[in-house]
Amino acid sequence: MSGKTLTLNLGPQHPSTHGVLRIVLELDGETVVDARPDIGFLHRGIEKLAESKTWHQVIVLTDRIDYLAAMSNNLAYVMAVEKLMAIEVPRRARYVRVALAELQRIASHLFWLGTHAHDLGAMTPLFYALREREVIMDIFESLAGSRLMPSFLRIGGLAADIDGRFAKSVLDFTETFPGRVDEYETLLTDNPIWKLRTKGVGVLDGESCLGLGISGPMLRGAGVDWDIRKSHPYSGYDEFHFEIPTGRAGDVYDRYLVRVREMRESARIARQAVEGLPGGEWIDAGSAAVFPPRHELKHNVAALIRHFGLVMEGITPPAGEVYHAIESPRGELGFYLVSDGGPKPLRLKVRAPSFVNLQGLVKMIRGRLLADVVAVIGAVDIVLAEVDR
Amino acid sequence: MNLDALRQRFGGSLREVTVFRGETTVTADRDVLLPLGRFLRDEPGFSFRFLSDLCAVDFHPAEPRFQVAYHLYAPATGCRLRVKVILGEADPVVDSVTGIWETADWHERECFDLFGILFRNHPDMRRILLPEEFEGHPLRKDFPLEGVTAP
């Protein structure tokens, strides 16, 4: 310790901050003495905006909260509204939702893996990871017409039924994907440079994680096996077989292992969902929140009026408040909705896992080297759009 | 979760206990927030060690205007609980729970930033999402959706 410190501004424009995160670092040589994260550069006021939209219009906003896991955000939101309105979602729709949420988890983890490895000097995994992510994006595109912002889920079910191509492409993907994960692991898991950069770096034990509200792969990397898909199975997760991978050390390396193994499990779940896909309805057609079928609008005036009413006035859930949380790729993603019985939410609060998990950053990097900061930020797996909302 | 034990311990300070859609909500006087929080975290049978979320709601023009909602989770039992305190417009102040759940730090800063609710004894009570020079608290209902530009 020289006693003389240097203030270094990391970000907001810096590739390793994965978006617009600014950290003011206090350095002694290369050692981080203190750090002050500065967030909010991507604050778009989504919660305020939601208060001026109808309950249906909010769905498209949720895609934009976390653009790497739009399906998960759709799911958490529509499930919260369904809870508020006591809507029962048909089994077929629940299965498709699970398949989509798990594909989204894989896509998100792949993007994380590629960029995180790239940050630490391993260039190759990025190209492999994006190759597989592209397949998932293609599946989303063929289903919803959009890759990043599908807005495919609806209150009560799905925007449309899936077609035959969907099942086949998911089966094809999940068949080859475990072999692809083996390839990534060949590049990293036993790689001595990778281990040196990640083992023992950014350690946070399970107790500290719980105190800091940290959830998801970060918490499981520290050995706490809490996954909402198991603890509070939603959307039919209790009907699938899967494991919850956990680590022990709570360092960057164990978070890596947890996410890589999660991708394998997600592929298993998506496959089970498609193989066991039940027939029947894909939306709760009898619900007051559901739009009449498109083809009816041309010859059924009652359906046309109902459609018009739903677009112009929206639905009116009962007054009350609900909180619904799901396991997003980053952890506990929750929506807290307060309704006054009107056509717009009185309050919508997003419990964003990135925001909460990022709070642990200072604890993880204090006393470590500057180079470790990059490794730790990557291992938190933040999406700044979700941090700032 | 034994709500009677909670009622016995805090009696008249709990204004209301409701269940809606299977979610339990306890509305408490703000004066008992800290002892209530500690009790909920430490008492066996409750052990709400995980604060999922903390946020404010503005009911303007109704009075009392604000509510702060704490979403608790107990990893050991899998129970969830919502605790609420009600605050008036003239005095939107409540004790900080950062001493009980460390994670409350950023949540409370966000609450202050967007709603102007003050958290007593918070270690670092300043804005978090908006720039320091920003005037007003945008998630208040009387803050316009459009027409205000950032300084």
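Mentor: Start with B:S47, which is partly exposed: 17 other C-beta atoms lie within 10 Å. That count falls between the two cut-offs, because buried needs 20 or more and exposed needs 12 or fewer. Keep in mind that this is a predicted model. Now look at the backbone angle. B:S47 is not a glycine, yet its phi is positive, about 40 degrees. Where does B:S47 lie? Find the loop between helix 2 (33-42) and strand 3 of chain B.

Follow chain B onward. Strand 3 covers 50-58, and strand 4 covers 66-74. The loop between these two strands holds B:P61. B:P64 lies in the loop between strand 3 and strand 4 too. Now check the peptide bonds at these prolines. The bond joining B:H60 and B:P61 is cis, with omega about 5 degrees. The bond joining B:E63 and B:P64 is also cis, and here omega is about 0 degrees.

Next, move to chain A. A:A86 has a positive phi, near 55 degrees, and this residue is something other than glycine. Its place is the loop between helix 3 (70-85) and helix 4 (91-119) of chain A. Is A:A86 buried or exposed? A:A86 is exposed, because 11 other C-beta atoms lie within 10 Å, and the exposed class takes 12 or fewer.

To recap, look for positive phi at B:S47 and at A:A86.

Terms used: Residues are numbered from 1 along each chain as its sequence is written. Chains are lettered from A and ligands numbered from 1 in the order in which they are written. This is a predicted model: local features need pLDDT of at least 70, side-chain atom pairs count only at pLDDT 80 or more; totals for chains, interfaces and linings use all residues. Helices (H or I, at least four residues) and strands (E, at least two) are DSSP runs, numbered from the N terminus.
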